[in-house]
Amino acid sequence: MAVAFNNMPGNIRVPGAYFEVNAGVPPYSGLSRTLLIGRKTSAGSAEIGKVVNLGSGDPNALFGAGSMLADMALYARQHNPIGEIWLLPVTDPSGTAASGSIAITGTATAAGTLVRYVAGERYSVGVAVGDTAATVATALKAAIDRGYTKFNRAMSAPVTTAVSTGTVTLTARHVGTEGNGIRIEAGLDGDEIDPAGLTVTITPMSGGTGDVDLAAALAALGDAPFDHIGSPYVSASQLNAVRDFLSDSGTGRWAPTVGLMGHNFTAFNGNLAAQTALGQGRNDQHTSILGLNNYPHPSWCWVAALVGVVGLSKDLGRLVTEAVEIARPLQTLVLQGLRGPKAASDQWKMADRQSLYSNGISAVTFRADGQAAIDRVVTTYRTNAWGQPDITYLDVETMYIAMYAARYFKQRILATYPRHVLKDENPRKVQGIVTPPQIKATLIHAYRELFDAGLAEKPELFAQFVIVERSGDPNRVNAYIPFDVANQLRVFAANVTIFPELNSQIAALQ
């Protein structure tokens, strides 16, 4: 057997012992990054069009207090404490900022507390007997301007305020349609009563125009790898931009010659009919849309929380011995700090969720204490190339298993055979030569490791049907890898049959 060297000369005549040191095949390790896309204000130090690593940085300093990205950074970091989170500030569109108001009239005839919610956060002011509408409005403006505390960090509202007599006018900090989704509400905690003598009228946020050019923002990423991508952008043109960005062909990130992969998460607010219409118009396994229905917090907060959970759970940098988490379903995981809708009718019932999942829309449920918990995260993929129903890419876990498996096989092949001669046979077992049967054995072994880790099933069938063969190109090997992904326990169905008295004969007849 001939020994292969990388750097050892073959004709040394000087006596001595010479040792070449090379790395063997390392255990799998990788990098798993999260990317959040959104808006900053001029007060933030981050640069438009360039990704910034959040680390332990202050979201308000990086992106501006009250900005969309400050919120997104906060929620993502809360749900993924040490993961690598990057954020991309996008260029502001041309348009107008949404606005709304809280109009107060009358004079307080009893002391109390006036409470209103802006973007899901609570703002309260004490009211004394005799306080006029102007006095209370001025105090409410000051309360909103002071902001709120979330996850032990001082944050600011996503609006600026102005007061005139008894009316507080709220204006979104960002130009664009995003501001229309900022909600102004009363009674979310269910026990607030306005002080007697005061009447409060809410005018919802509206009038925001202008949509972010998401295609231009994505183009700025170059070849930087990101596995978990989140933004609140869900218009048809924006979803199409992401579809093309993550495409399986051409220069898309899932194309075989690119291989960066990644998955997109966004959210949409609307009733069941609107959600269904959106889902039926999409068919993309690389995007998941969270269905919201008048939920108090803005969609960008929901997306950031969801992507934070996914980034922690579906960390593709895990050692294979820890990779089972990638296959585990996300159901029951809590999205912290997000309120449920005021009206119980705006929570998705079982029949609603069944329809959502059948039409490519994801959903959460709300616990008795009001906390949101993930129910199921699906992709928008519903039909194959022939328009026939297809569940292959239904669940997001499948996409993450596919990403991990592709990278795992790639690492094993490239690390095992970095500089090898390709031959059909190697009878003398010469180092530095590889044959298709050796590559096949490597793939079978790698699949067994993925099986043991909980990501794959039926290794015996894989060994039987995997194909490795030389191509017409004498320097190329082609492989067929039939990967049976691990599935998730989502439904347990039982037939409980009641008998007045059970015996073996009766039981056998059932």
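Helices (H or I, at least four residues) and strands (E, at least two) are DSSP runs, numbered from the N terminus. The model shown in all views is predicted, so that local features need pLDDT of at least 70 and side-chain atom pairs count only at pLDDT 80 or more, while totals for chains, interfaces and linings use all residues. Residues are numbered from 1 along each chain as its sequence is written, and side-chain values use heavy atoms, with hydrogens and water left out.

View 1. Thr 383 sits in the loop between strand S18 (372-376) and H10. With a relative accessibility of 18%, Thr 383 counts as buried (under 20% relative accessible area, where exposed is over 50% and partly exposed lies in between, for a 1.4 Å probe and protein chains only).

**View 2. The packing of helices H10 and H11**. Helix H10 (residues 396-416) packs against helix H11 (residues 436-453) at an angle of about 140°, and their axes are 10 Å apart; H10 is therefore oblique to H11. Axes are lines fitted to C-alpha atoms, for helices over the stretch in contact, and angles run from 0 to 180 degrees between N-to-C directions; those under 35 degrees count as roughly parallel, over 145 as roughly antiparallel, 65 to 115 as roughly perpendicular and the rest as oblique. Residues making the contact include Tyr 404, Tyr 408 and Phe 409 of H10, together with Ile 439, Leu 443 and Leu 450 of H11.

**View 3. Tyr 404 in the largest nonpolar core**. When residues up to four places away in sequence are not counted, the residues touched by Tyr 404 include Tyr 28, Leu 316, Arg 318, Leu 450 and Leu 455.

**View 4. Asn 22 in the segment before strand S1**. Asn 22 lies in the segment that precedes strand S1 (33-38) and is partly exposed, its relative accessible area being 42%. Although 411 residues separate Asn 22 from Ile 433 in sequence, the two are 17 Å apart in space, C-alpha to C-alpha.

Definitions and conventions: Contact = heavy atoms within 4.5 Å. Core = buried A, V, L, I, M, F, W, Y, C linked by side-chain atoms within 4.5 Å.
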